[in-house]
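Here are my notes on the model you sent. They go from the whole chain to single residues.

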Amino acid sequence: DGDTLGTASLEWSDLFLADGGIIKFGNDQDTLLTHTDGTGLTLNSTNKLTFGDAASYINQSSDGVLTIAGEATIDLTASTAVLVSNDLKLDSDSSVIGFGADNDTTLTHTDGTGLTLNSTNKLCFNDATQFIQGASGTVLDIAATDEIELTATLIDVVGTLAVSGTATLAGIL
C-alpha cells in the first residue's frame, strides 16, 4: 500500500508516475520539484540548482529571467554552434570577445570610445585582400584590390596629402 516518506504517507505511484507529481524537500518542504506533464520538471519559485558549491547555480531570478552563474567561468561547449536568439549583451566595461583557439584576435569594449581590435589584426571584407588595419601605432591602412570609394558632400583631409600614381580631378580646384 503506502510507504512513509518524511512525514507524509504516499503511494509510490502517486509520487513518481502521476502527472503533476511533486517531490518536496527540506524540513519545511519549501523546495518543490514538480512533474509538468509533457514538459519536464519544474523547480519552484526562485530556488537554485547548485553545482559544487553555492556560487555556481542555475535559477529563475525573476519572472522570465534565467540566471546561470559560475564562480569563475561558464564553459559552453557545442559540437557546431551556440545560438543566441536575441540580443547578446556584455555587461561590463572593458569586456573582451576572443576569437580563435588561442584567442589571438580580440575585440575589446573601450569604455566611452567604442570597440578596439587588438594588435595589427585586420577587419576584412569579402576576402582578406580588402581590409582596414591599424598597421602600427601611427598608421591606419584602408586597402582594396581595385578601388576605395568615399562618398560624401565634403571630404576633409587634414594633413599632408601624398599621391603615388595618377590623380584625376574633376570639378573646381
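1. Secondary structure. The chain has 1 helix and 14 strands. Please keep in mind throughout that this is a predicted model.

2. Overall dimensions. The radius of gyration of the chain is 30 Å, whereas a compact globule of 173 residues would have one near 16 Å. Along the principal axes, the C-alpha atoms fill a box of roughly 100 × 30 × 30 Å.

3. Contact range. Taking contacts between residues at least 6 apart in sequence, 0% of them join residues at least 24 apart.

4. Burial and surface. Of the 173 residues in the chain, 7% are buried. The chain exposes about 14500 Å², and carbon and sulfur atoms supply 53% of that area.

5. Charge. The count is 4 positive and 24 negative side chains. The centres of the two sets lie 5 Å apart.

6. Ser95. Is this residue, Ser95, buried or exposed? Ser95 counts as buried because its relative accessible area is 13%, under the 20% cut-off. Ser95 sits in the loop between strand 8 (65-69) and strand 9 (96-99). With neighbours within four places in sequence left aside, the residues in contact with Ser95 are Leu90, Leu107, Thr108 and His109.

7. Ser94. This residue is in the loop between strand 8 and strand 9. Ser94 is not a glycine, yet its phi is positive, near 65°. The relative accessibility of Ser94 is 48%, so it counts as partly exposed. I would look at Ser94 and Ser95 together: Ser94 is partly exposed, while Ser95 is buried.

8. Gln29. Gln29 belongs to the loop between strand 3 (22-25) and strand 4 (31-36). Its relative accessible area is 31%, so Gln29 is classed as partly exposed.

9. Ser45. The loop between strand 5 (40-43) and strand 6 (48-51) holds Ser45. Ser45 counts as exposed because its relative accessibility is 58%, and the cut-off for that class is over 50%. Ser45 and Asn59 are 14 residues apart along the chain, with 8.8 Å between their C-alpha atoms.

10. Ile68. Which residues does Ile68 touch, not counting those up to four places away in sequence? They are Tyr57, Ile58 and Ile74. Ile68 is part of strand 8. With 48% relative accessibility, Ile68 falls in the partly exposed class.

11. Gln130. This residue is in strand 13, which covers residues 130-134. The side chain of Gln130 makes a polar contact with the side chain of Asn126, at 2.6 Å. Beyond four places in sequence, Gln130 is in contact with Leu123, Cys124 and Phe125, and also with Ala143, Ala144 and Thr145.

Key: Residues numbered from 1 in each chain as written. Predicted model: local features only at pLDDT ≥ 70, side-chain atom pairs only at ≥ 80, totals over all residues. Heavy atoms only, no water. Helix = DSSP H or I, 4+ residues; strand = E, 2+ residues; numbered from the N terminus. Buried < 20%, exposed > 50% of the residue type's maximum accessible area, 1.4 Å probe, protein only. Contact = heavy atoms within 4.5 Å. Rg over C-alpha atoms; globule rule 2.2 N^0.38 Å. Areas by Shrake-Rupley, 256 points an atom, 1.4 Å probe, with all protein chains shown as cover. Lys, Arg positive; Asp, Glu negative; His and termini not counted. Charge placed at Lys NZ, Arg CZ, Asp CG, Glu CD. Polar contact = N/O pair within 3.5 Å; in protein donor to acceptor, adjacent residues only side chain to side chain.
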